[in-house]
Amino acid sequence: MAECGDTFRPGRASVPVTKVEISVSCRDLQDKDFFSKSDPMCVMFVKEGLNNEWHEYGRTEVIWNNLNPDFSQKFVINYYFEERQMLKFEIYDIDSNSPSLSKHDFLGRMEVSLGEIVSSHGSQVERQLYSGGKSCGKIIFVTEEVTSSREVATMQFCAKKLDRKDFFGRSDPFLTIKRCNEDSSYTVVHRTEFIKRTLNPVWKPFSIHVSTLCNGDYDRMLRIECYDWNQSGNHNYIGSFATNLRTLALGPGPNNEYECINETKKAKKRRYKHSGMINLMGIEVVNQPTFLDYIQGGYELINLIFIKNYNY
């Protein structure tokens, strides 16, 4: 989750505040690449400081070859109830490894107050993106108040006998994990890596904050989707299943062996059973200690190493 400290302002300490998480998606973006689709990234700016200027707050991951991205990287920011906090979102087509935004193609921007999107109460807020005064796609927000959970879940999945999606070979499967929102829509919270040419993948273990995964609600529905990766960005849907963290926390076994269901195939084929099995291989949920926890736990002596840089 993208997060940074807010600029200090006198009197802010007495203003009611809560932490909110902003999820971002885009639709119908401009295609800036000649031989493929755009590779979008979203950048969020906040207007703050003594001069009330725009400052970059954070960036999402890059979604390759996709004009309708659902970013899994979230923005977490303090919401001050009695202030008008202006945000600006800009979308770029990433063309190189350069961190400079000027090196990438600009796809569109929009400005909105944090209060405007927070007032949606877990429902989607849709706005137009603009470039040069012209509409150039849509941006969609879902905001939610963040719980104080410090838990981190580490888990690993594997699959067996997935459907073959590639005509000349096996599938290149990956998983997308989504959590259910208050309006019954879904937000992407994690994607695994894709594994080439296999119908029996074993994905790498990954860690995710419980606040990101389900906002601390162990019973919140999670939808896990399996896709066959394609370089074009048109990934083929294999199937999905539903679960929640409370069930996943039970660990490997019958409770966490899932039929991967392709709803379209199931509706068309009377003898359809499933498109493979996806199993939980392991899970661990632990509390992530804070700096204060280390101090209180007896780490009274902290060594600081200062490296002097003479190259200036």
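User: Is Glu263 buried, partly exposed or exposed?

Analyst: In this predicted model, the side chain of Glu263 meets that of Arg223 in a salt bridge, at 3.8 Å from N to O. The pair links distant parts of the chain, with Glu263 in helix α4 (residues 263-268) and Arg223 in strand β13 (residues 222-228), 40 residues apart. Buried means under 20% relative accessible area and exposed means over 50%. Because the relative accessibility of Glu263 is 38%, Glu263 counts as partly exposed.

User: Which residues are joined with Glu144 into one network of salt bridges?

Analyst: The side chains of Glu144 and Arg179 meet in a salt bridge of 3.7 Å, N to O. Since Glu144 lies in strand β8 (residues 134-145) and Arg179 in strand β10, this pair ties together parts that are 35 residues apart in sequence. Both of these residues, Glu144 and Arg179, are buried. Through salt bridges that share partners, Glu144 is joined into one network with Glu21, Arg179 and Arg220.

User: What is the relative accessible area of Glu116?

Analyst: The side chain of Glu116 meets that of Arg127 in a salt bridge, with 2.5 Å from N to O. Glu116 belongs to helix α1 (residues 114-118) and Arg127 to strand β7 (residues 125-131), eleven residues apart. Arg127 is partly exposed at a relative accessible area of 28%, and Glu116 is likewise partly exposed, with a relative accessible area of 36%.

User: Which residue in β11 stands opposite Lys178?

Analyst: Four strands form an open sheet in the order β11-β10-β13-β14, with antiparallel pairing, and its edge strands are β11 (186-191) and β14 (236-243), each of which pairs on one side only. Strand β10 (residues 173-180) is joined to β11 by five bridges. Opposite Lys178, the residue that stands in β11 is Val188.

Conventions
Residues are numbered from 1 along each chain as its sequence is written. This is a predicted model: local features need pLDDT of at least 70, side-chain atom pairs count only at pLDDT 80 or more; totals for chains, interfaces and linings use all residues. Side-chain values use heavy atoms; hydrogens and water are left out. Two strands pair if DSSP finds at least two bridges between them. Helices (H or I, at least four residues) and strands (E, at least two) are DSSP runs, numbered from the N terminus. A salt bridge is a side-chain nitrogen of Lys or Arg within 4 Å of a carboxyl oxygen of Asp or Glu. Buried means under 20% relative accessible area, exposed over 50%, partly exposed in between (1.4 Å probe, protein chains only).
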